[in-house]
Structure formats: structure tokens, C-alpha cells
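Tutor: Let us work through this chain by question and answer.

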Amino acid sequence: MRKWLDRYYGRLRTIKANYVLLNLLNLRRLGHARRMLRRYGLTRSPLLPLSSAHMPKAPGDIPWLDRPDARQRLQADPRLPALPATLRQAVLDWPDKGYLILRGVFSAQEVDRVNRELQQLIDSGAVDFNFTGRKVMFAFRKSPAIKAMASDRRILDVLDLLLGRPMHVFQTINFLTGSEQAPHSDSIHMTTYPLGYLAAAWVALEPITADNGPLVYHPGSHQLPYLLNEGFAHGGGRFTIGADAYARYEEAVQRSLDSGRFTPHEFHAQPGDVLIWHANLLHGGKKMATPNASRRSMAVHYFAEDVLCYHELTQRAALIDEDH
Ligand SMILES: O=C(O)CCC(=O)C(=O)O
């Protein structure tokens, strides 16, 4: 029965018309997409499928630190000398590395408050794990402590500088264990037009070691071309999404890593440490040495102001609650 149901829901998820229906039910949360479509000259309803195939052919504005002269621009920027030396160096390295680490951003009390509130929400059934069984999505809508951490100015100020536009929280993902997720770029899940106006911050909420499934990232991989639907055999058609599009995407990413050009790094961290990564940096979660080892942590994804945001694989505009 379970198998049959999984197959049935799996099939429903491939039908584009179902996403149009879901969009209709969430019309109020598509205001942002409607405005952005208009802003970028696209005469398309946000209810309809939306992917990189529908975007203007011109790439549009490129984030300032993704341009070839990023380093020179940074060196001439009057904001740089005002930064603490380690942060200044990390920002200067961002164009080449695609990540930066901020140690000790959050205090033990701030971390404890987040862990406590999350546990209360889980225990009361106010939030639940998503289909992966490992991720609690959007808990910032229900927890003041998580919201405060996600929208903390110490992170947002760095993001605003790196992306050159004001950045806004789109989603939080809380983990109690490792994700063990295969390498991917966030731009397949949260694509923007213009491309590249997304970033993520990952906060350690307990000690993270080689054993409890640390985040794994591949410095420099953000400079690879963005891998979007036209870059791999996603298997979809005019009316359908490819049934195993994500598995095919992961295989294509793995092929790009198999060249050995990028060395994987693990983020070993103390509670309150933060790693920020670029929209196109390949990353994932290492296998836990002990199954289900505790790895409390939180990933936050941010969109820049005034960009169009959508999910490339399901071809759906991002639902944005503008009152959050
Ligand atoms: O925390 C992890 O293991 C992976 C997180 C991740 O891939 C993401 O949030 O995009």
C-alpha cells in the first residue's frame, strides 16, 4: 500500500498542472513574483511554469563580486579598511573561494535559545520534519529565536556587502542530525533572475566534527557554469517534470566533481560559528560516522532584494510571505 501511495504521489509531482493549481491556492504569496516578472519585462503569469528557459536571454545584472574585476573593486572599496582584519581577508578571498567563515558570531545563550525553541516546536507538533526526515523547514516563522538568528545584522551586513544588494531571509532549515545530502548548488532549488542573487549561511548549533556529518563544500566550484535544466537530461516535457530529475541533476554535479579540480573541505565548528556560501558553491553533507549522530545546525537561504526567485526543477515561482 505504502509503495503504491509513494508511486501515486510521485506521479502527481511530475504533472505541471498540479503546480499551477497549488499556485492558485497560494495566490497571495505570489505578489513578489508578479512584480518581479513585470520588472524584468516578462509578460507571464506567476501561476504558470517558470524556469531558466523562460528568462530573458541577456544575463542581466551580474553580482559585483562575480565580475572579472571583483578583486580590484574590493581593494578600492572604502568599506574594506573598516572591517576587522580576518573578515577583510575573507571578503577579499570570496570571489575566488565562494565561501567565508565567521567564527564565534553567536553566543552560547543565543545558540541555547534556538535549540530550546526548536525542540519545543518539535515536541508540540508545531513543526515537523519534511519528506527527507531530517529537515525542519521555515521554523523561523514560528520561533522568535530562530528568526532573530536568521536575520541577525552581523550576518546580513556581510551578505549585503558580498552581494551588493540588501538581502532578505527566504527560508530556514533546521537539522538535528546530518543531512548526508549529495553535492549540489542551491541555485537548482532557489534560482534567481538575474542569476547569482542568493546566498546561504550555515550556523553550528553544537560542536561539529568529522564524525557527526559536517557540511562539505568545494571551494572555487561556484565559478562553474550554473547547472540548470538545459544543462542536463532532466527528462521533463511540456506538461511534465522529469520523474527522476533531481537524481539526474545530482549525477551531473558528481560528474563535474569527478574531474578532481575541486578539493572538498569540511566545516568543523563550534556552536555559534557561521559559514556563508555563494549561490553556486557545490556543497552537501558528509555521511555520519554513527547513524543519526546529533548535529544540531541551521541553514538559512537569503534572496537579494528585487530579484525574481523560482524553483528550477518544479518550474515554480517561490512563494514569499511579504509580511515576514
Ligand atoms: O547541512 C547540510 O548538511 C547541507 C545543507 C544544504 O545543503 C543546504 O542547506 O543547502
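Student: Between which two strands is the loop where Pro194 lies?

Tutor: The model is predicted: local features need pLDDT of at least 70, side-chain atom pairs count only at pLDDT 80 or more, and totals for chains, interfaces and linings use all residues. Residues are numbered from 1 along each chain as its sequence is written, and side-chain values use heavy atoms, without hydrogens and water. Strands (E, at least two residues) and helices (H or I, at least four) are DSSP runs, numbered from the N terminus. The loop of Pro194 runs between β4 (191-193) and β5 (198-204).

Student: What is the omega of the peptide bond from Tyr193 to Pro194?

Tutor: Most peptide bonds are trans. The one from Tyr193 to Pro194 is cis, with omega near -5°.

Student: Why does Thr192 count as buried?

Tutor: Buried means under 20% relative accessible area, exposed over 50%, partly exposed in between (1.4 Å probe, protein chains only). Contact means heavy atoms within 4.5 Å, and beyond four places in sequence Thr192 touches Tyr197, Leu198, Phe303, Val307, Leu308 and Tyr310. Thr192 is buried because its relative accessible area is 2%.

Student: Is Asn292 buried or exposed?

Tutor: Asn292 is in the loop between β9 and β10. Its phi is positive, about 60°, although it is not a glycine. Its relative accessible area is 56%, so Asn292 is exposed.

Student: And Gln315, buried or exposed?

Tutor: Gln315 has a positive phi too, near 60°. It lies in the loop between β11 (308-311) and β12 (316-317). Its relative accessibility is 9%, so Gln315 is buried.

Student: Which residues is Thr177 in contact with, leaving aside neighbours within four places in sequence?

Tutor: Thr177 belongs to strand β3. At 14% relative accessible area, Thr177 is buried. Its contacts are Arg134, Met288, Asn292, Ala293 and Arg295.

Student: Which residues are closest to the ligand?

Tutor: A residue is near a molecule if one of its heavy atoms lies within 4 Å of it. The ligand is surrounded by 14 residues. The closest are Ser179, His184, Asp186, Trp202 and Arg295.

Student: How much of the ligand's exposed area does the protein bury?

Tutor: Accessible areas come from the Shrake-Rupley method with a 1.4 Å probe; for residues, only the protein chains shown count as cover. Alone, the ligand exposes 290 Å². The share buried by the protein is 98%.

Student: Which strand gives the most to the shell around the ligand?

Tutor: β3 (167-177), β9 (283-285) and β10 (294-304) each supply at least two residues of this shell. With three residues, the most comes from β10.

Student: Which residue's side-chain oxygen reaches a backbone nitrogen at the start of α8?

Tutor: Helix α8 covers residues 153-163, and its buried residues include Ile155, Val158, Leu159 and Leu162. Gly164 follows α8 with a positive phi, near 75°. At the start of α8, the backbone nitrogen of Arg154 is reached to within 2.8 Å by Asp152.

Student: What percentage of the residues count as buried?

Tutor: The chain exposes about 15,600 Å², and carbon and sulfur atoms supply 56% of that area. Of the 324 residues, the buried share is 52%.

Methods
A polar contact is a pair of N or O atoms within 3.5 Å; within protein, one must be able to donate a hydrogen and the other to accept it, and residues adjacent in sequence count only if both atoms are side-chain atoms.
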